[in-house]
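Have the structure open as you read.

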Amino acid sequence: MRSGFVTLVGRPNVGKSTLLNALIGQKVSIVSDKPQTTRTQVRAVLNRPDAQLVFVDTPGIHKPETALGERLNATAVDALADIDVVCLVLDATQPFGRGDRFVAQRLPPERTVVVVNKTDRASRDKVLAQLAAAAELGASAYFPVSATTGAGVDALRQHLLDALPEGPRYFPEDTVSDVPEAVWVAELVREQLLEATHHELPYSIATQVTEWEWPRVRVEIVVERESQKGMVIGKGGALLKAVGTAARAQLPEGVFLELHVTVDKDWQRRPDRIARLGY
């Protein structure tokens, strides 16, 4: 029996969550084209008859401008402790730059696998240039992949399985994720809000389940200003209704999902409020 932990790290919006879902083979982490979608560590478990691979998805490491940003960075760095392999995820459509080096400096080269993601959006020359630039890191392996199309994902998954040391099963064989069900529902609502809102609003939104009497679930949507509350609700409640419908479509049939919007002024900049919201 072999087992171990693999952490996915990188700058915001390089596709870590999409890659995690592709490696597991089902949705275990919400995805969005907005940076900093992932705000907590998300563990997903890949089970094989002779192996168990535990992936840890993390927030994108960036230059923080708020208390929330500082907390997200700390969450990502904490995930590097006691791991067997680190996957440094790069964006094939963006040049290898200071932000990537900033993340790479925190990683052990001998246990680092560089994953150049989004190859479906970049030319072959761009992908090769990205791999060549990342060669300076001295990582143990390099993989070009597309988490969206699945190209290269099988080879990456097999490499990670082969790299596992001997060890026990850390989770029961039927475990896919350690995300509590209530947290998952709140995240599904936030995912749809990220899709429906624009500009600075997505970063001002937090969600949490405040009542759980299945099949009735109440989710609180928290924004920072009164003006944002109206934007989330939409004209005649249209946006909020659309968000609820889209989130409900990913939940078991018969669930009654109630959404409520509240204002918590400047919560991103207040460590006590960030902790209350579970970040």
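## A covered strand

A residue counts as buried when its relative accessible area is under 20%. This is a predicted model, and in it strand β5, residues 112-117, is mostly covered: 6 of its 6 residues are buried.

How are the two faces of β5 covered? In a regular strand, side chains alternate between the two faces of the sheet. On one side of β5 sit Thr112, Val114 and Val116, on the other Val113, Val115 and Asn117, and all of these are buried.

## Neighbours of β5

Which strands flank β5? One is β4 (residues 85-91), joined to β5 by 6 bridges, and the other is β6 (residues 141-144), joined to β5 by 4 bridges. β4 and β5 run parallel, and so do β5 and β6. If you want landmarks, Asp91 stands opposite Asn117 in β5, while Val113 stands opposite Ala141 in β6.

From β5, the chain makes a right-handed β-α-β unit with helix α4 (residues 124-134) and β6. As for the pairing of β4 with β5, which is parallel with 6 bridges, the chain gets from β4 to β5 through helix α3 (residues 98-104), in a right-handed β-α-β crossover.

## The whole sheet

Zooming out, 6 strands make up an open sheet with mixed pairing, in the order β2-β3-β1-β4-β5-β6. At the edges are β2 (42-48) and β6, each pairing on one side only. Neighbouring strands here are turned by 20° against each other on average, ignoring direction.

Further along the sheet, β1 (residues 2-9) pairs with β4 in the parallel sense over 4 bridges. Val6 stands opposite Val85 in β4.

## A loop residue: Asn13

Now for the loop between β1 and α1 (16-24), where Asn13 lies. Why does Asn13 count as partly exposed? Its relative accessibility is 29%, and the partly exposed class lies between the under 20% of buried and the over 50% of exposed.

What does Asn13 touch, leaving out residues up to four places away in sequence? Its contacts are Ser32, Asp33, Lys34, Pro35, Asp91 and Lys118. Asp91 is the residue that stands opposite Asn117 in β5. The side chain of Asn13 also reaches the backbone oxygen of Asp33, at 3.2 Å. Arg124, by contrast, is 111 residues from Asn13 in sequence and 21 Å from it in space, C-alpha to C-alpha.

Technical notes
Residues numbered from 1 in each chain as written. Predicted model: local features only at pLDDT ≥ 70, side-chain atom pairs only at ≥ 80, totals over all residues. Heavy atoms only, no water. Buried < 20%, exposed > 50% of the residue type's maximum accessible area, 1.4 Å probe, protein only. Pairing = 2+ DSSP bridges. Right-handed = clockwise from strand over helix to strand, strands pointing away. Axes fitted to C-alpha atoms, helices over the stretch in contact; angles between N-to-C directions. Contact = heavy atoms within 4.5 Å. Polar contact = N/O pair within 3.5 Å; in protein donor to acceptor, adjacent residues only side chain to side chain.
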